[in-house]
Amino acid sequence: MTLVGLDDTDSRDRGMCTTYAAARVARRIREAGNDVDRLLLVRLNPAVKHKTRGNAALCIHTDCDPEAALELARDEVESSAETADPRTNPGVVVCPDDAVSADVIDFARAAVRDFHEIDDARALIEQAGFLHAEWKQGRGLIGALAAVGAWDTFSEWTYEHISYRPRGRWGTERDIDYDSVFAAAEAGYPAVWDTVDEVEGQAVCVPHTPGPILYGIRGDDPDAVREVAAAIESEPVAETALFVTNQGTDAHLREGTISTAKNGRSYRLSGVVTTPPETREGGHVFFEIQAGINRLQCAAFEPTKRFRDHVRNLRVGDDLVVCGECSDGTLKLEKFAVRAVQTTALETPTCPGCDRRMKSAGANQGYRCRDCGTTAPGKVEVSVARDIEPGWYEVPPCARRHIAKPLIRGGFDCETHTERSVLRF
Ligand code: ATP
């Protein structure tokens, strides 16, 4: 098996998309008489600042001769990559015989959870004896090498069926019957997820970029994503491709602790809420969690929409697991689990005789009723009504990171309050 990795062909303003470049390379490989086993779409560390949008890298698994595959990929990148954009620095890496070493596996894992230098990718490509091509700074070699290693590195995969627009339509408004999108999304759920955001009325599967994608349908089953795509009525589709992906798998999350969390990495962390959630300018909601002596600020930003209501329902003392990227010392929440809800609070005692709130009797002297002199040694525990239950809560589809796992996919360690279940409650 020959593995052809490629990355960094597109531009934020000028369009293109590396999935499209990969689909075209795969077509050329097939037209040259070879088989293509699969197209892999790998989402790398979402915190990488060089990314155009979703930090995707691609790999084609084929029986094509490696030198021929490199030439076909090189031709395609030459003709379609947006290299006029200074931030577009394509790279192609070809592994000749499926020989992915332990070092390449480590590199692929770290590309999803950490940061690499271009020279580290170059050294490993040399050491492994992989063929390669690069343009300008060659930053795309990092993603291309990670994509080559991904199949042997990760075990959880999902699917995306992408429909592409004819080139003449790129940059124009997409002509899609949105009723058909919502109906197809409903019919395909839950094997097919994150197609639409019902509350925001948003077709999440349709991008707003000038690039070639008309819509991309994501899910757990290749036939199910194909069926949903086929049920969407729209302008003509120029071509389609099915990708095996690490989208919706939480592959970016590492187990960690508040004391060791570093910026630019994404974590699953435990802690207890120590400050009440506070909504600040712009509608962003902040609170702190603590574990041992260490504290960490967590944030649910405005684009996470109704997720912020769950965050606002938290109280000091709630025991949580939080997931998200650590950035500037703040964890950007993607989901959280309430392990234990704080159902009591300490309150100033009320006088049993006068039914009035007692007053402090001085430092460490408890409380006293101003009217009748009755005393109490300290605050009393009262039960509080809560609007949140134990279990997992998630951002809505409109705010989901490509790599983040939707609760509907299952496999979580306690009850899940999926977007749908909360919506329909
Ligand atoms: P495209 O559709 O072109 O792939 P994108 O949003 O995926 O768009 P890129 O244009 O590929 O972003 O830019 C991301 C760049 O960052 C690539 O050059 C890739 O090689 C590099 N990169 C990816 N992951 C890492 C990482 N963990 N450390 C350092 N660089 C990385």
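# Close-up views of a predicted model

**View 1. The second largest cavity has a volume of about 40 Å³.** The model is predicted: local features need pLDDT of at least 70, side-chain atom pairs count only at pLDDT 80 or more, and totals for chains, interfaces and linings use all residues. Numbering runs from 1 along each chain as its sequence is written, and side-chain values use heavy atoms, with hydrogens and water left out. A cavity is a set of points, on a 1 Å grid over the protein atoms alone, where a 1.4 Å probe fits but cannot get out. Lining residues have an atom within 4 Å of a point. Points are joined across faces, edges and corners, and the volume is the space filled by probe spheres set on them. E334, K335, E394, V395, R400, R401, A404 and K405 line this second cavity. By class, 2 are nonpolar, none polar and 6 charged. Nonpolar covers Ala, Val, Leu, Ile, Met, Phe, Trp, Tyr, Cys and Pro; charged covers Asp, Glu, Lys and Arg; the others, Gly among them, are polar.

**View 2. The largest cavity has a volume of about 200 Å³.** Its lining holds 20 residues, and Y189, D194, V196, P397 and R420 are the closest to its centre. The lining divides into 10 nonpolar, 2 polar and 8 charged residues. The largest share, 3 residues, comes from α9. Helices (H or I, at least four residues) and strands (E, at least two) are DSSP runs, numbered from the N terminus. Domain 2 (158-245) and domain 3 (253-343 + 385-423) each give at least three lining residues. In total, the model has 2 cavities of 30 Å³ or more.

**View 3. A cis peptide bond joins Y189 and P190.** Omega is about 5°. P190 sits in the loop between α6 and β7.

**View 4. Helix α7 (residues 222-230) has buried residues A224, V225, V228 and A229.** These buried residues fall within an arc of 135° seen down the helix axis, so they line one face of α7. The arc is taken from the directions from the helix axis to the C-beta atoms. On the other side, E227 and A230 are exposed. Buried means under 20% relative accessible area, exposed over 50%, and partly exposed in between (1.4 Å probe, protein chains only). Cover for the buried residues includes β6 (158-164), α6 (178-188), β7, β8 (213-219) and β9 (239-245).

**View 5. E233 lies in the loop between α7 and β9.** E233 touches I176, D177 and S180, leaving aside residues up to four places away in sequence. Contact means heavy atoms within 4.5 Å. E233 and A183 are 50 residues apart in sequence and 11 Å apart in space, C-alpha to C-alpha.

**View 6. T18 belongs to helix α1 (residues 18-31).** T18 is buried, at 6% relative accessible area. Its contacts, not counting residues up to four places away in sequence, are L6, D7, D8, T9, D10 and L58.

**View 7. D98 has a positive phi, near 60°, in a residue other than glycine.** D98 is in the loop between β4 (91-95) and α3 (102-113). At 38% relative accessibility, D98 is partly exposed.

**View 8. D328 has a positive phi, near 50°, in a residue other than glycine.** D328 lies in the loop between β15 (319-327) and β16 (330-340). At 73% relative accessibility, D328 is exposed.

Terms used: On a 1 Å grid over the protein atoms alone, a cavity is a set of points where a 1.4 Å probe fits but cannot get out, and a pocket is an open set with protein on both sides within 12 Å along at least five of seven lines; lining residues have an atom within 4 Å of a point. Domain bounds come from an automatic or database domain assignment.
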